[in-house]
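Grab a pencil and have the coordinates open.

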Amino acid sequence: MRKSFGPKPWLYPQPVLILGTFDEDGTPDAMNAAWGGISDADEIFVSLSLDHKTVENIRKKGALTISVGTKDMVAECDYLGIVSGNKVKDKVARAGLTWVRSEKVDAPLFDQLPLAFECKVASLDEETGILRAKILDTLADESILTDGKIDPRKLGAIAFDGATSSYLLVEEEVAKAFSVGKKHL
């Protein structure tokens, strides 16, 4: 028997995405967005509340970075979600994040988050808050690579669990894709 919860946003996993922007005077800003994912081979979508400082920056700059939250930075990622850039201008510095300027877009790359996407805005729906961001480049720190590929155990990506308001670790391989199902062929 199944228990009904009504409509809930409990799709698993919900990646923790850290959106990085610059404000009008070049101060880095970042927010934690847990409702997003891949929407095409070169596109990420994120559902946003339109009153965020980061969204204002996205409108002005047309660019952002999107980094994957990690277990080593879970407290910092959480802080970026609970503190508003509209109220705390230096929240990136307060979170202890250091950054470099992206080479492809006018946005910061955070040194402590080893997997990031440099993106330009494809569209921002002002009614729904759905941002579509075109991926211009994917950057992975060498510290999370094994044999030249991203190693999920080294990355330590976290996901948001909306049902319990907690963060989960995403790292264990359970089977090889495009292979395990062949037993049913």
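Contact here means heavy atoms within 4.5 Å. Keep in mind that this is a predicted model.

**Exercise 1.** Find where Ser102 sits, decide whether Ser102 is buried or exposed, and work out what its side chain reaches.

*Solution.* 
1. Start with the fold: Ser102 belongs to the loop that runs between strand 7 (99-101) and strand 8 (108-110).
2. Next, accessibility. The relative accessible area of Ser102 is 6%, and buried means under 20%, so Ser102 is buried.
3. Now list its contacts, skipping neighbours within four places in sequence: Thr65, Ala107, Leu109 and Glu118 remain.
4. Pick out Glu118 from that list. Its side chain and that of Ser102 are joined by a polar contact of 2.5 Å.
5. Finish with the backbone: the Ser102 side chain also comes to 3.1 Å from the backbone nitrogen of Val105.

**Exercise 2.** Work out how the rings of Phe5 and Trp10 are arranged, and how accessible each residue is.

*Solution.* 
1. Searching the whole structure turns up 3 aromatic pairs.
2. For Phe5 and Trp10, the ring centres are 5.1 Å apart and the planes meet at 65°.
3. Planes over 60 degrees apart count as edge-to-face, so that is the label for Phe5 and Trp10.
4. On to accessibility: Phe5 has a relative accessible area of 45%, so Phe5 is partly exposed.
5. Trp10 comes in at 27% and is partly exposed too.

**Exercise 3.** Describe the largest pocket: its volume, the residues closest to its centre and the make-up of its lining.

*Solution.* 
1. The volume of the largest pocket is about 320 Å³.
2. Its lining has 17 residues, and those closest to the centre are Asn32, Ala33, Ala34, Trp35 and Phe160.
3. Look at which elements contribute: strand 3 (28-33) and helix 2 (74-82) each give at least two lining residues.
4. Sort the lining by class, and you get 9 nonpolar, 7 polar and 1 charged residues.

Key
Residues are numbered from 1 along each chain as its sequence is written. This is a predicted model: local features need pLDDT of at least 70, side-chain atom pairs count only at pLDDT 80 or more; totals for chains, interfaces and linings use all residues. Side-chain values use heavy atoms; hydrogens and water are left out. Helices (H or I, at least four residues) and strands (E, at least two) are DSSP runs, numbered from the N terminus. Buried means under 20% relative accessible area, exposed over 50%, partly exposed in between (1.4 Å probe, protein chains only). A polar contact is a pair of N or O atoms within 3.5 Å; within protein, one must be able to donate a hydrogen and the other to accept it, and residues adjacent in sequence count only if both atoms are side-chain atoms. Rings of Phe, Tyr and Trp (its six-membered ring) pair if their centres lie within 6.5 Å; planes under 30 degrees apart count as stacked, over 60 as edge-to-face and the rest as tilted. On a 1 Å grid over the protein atoms alone, a cavity is a set of points where a 1.4 Å probe fits but cannot get out, and a pocket is an open set with protein on both sides within 12 Å along at least five of seven lines; lining residues have an atom within 4 Å of a point. Grid points are joined across faces, edges and corners, and a volume is the space filled by probe spheres set on the points. Ala, Val, Leu, Ile, Met, Phe, Trp, Tyr, Cys and Pro count as nonpolar, Asp, Glu, Lys and Arg as charged, and the others, Gly among them, as polar.
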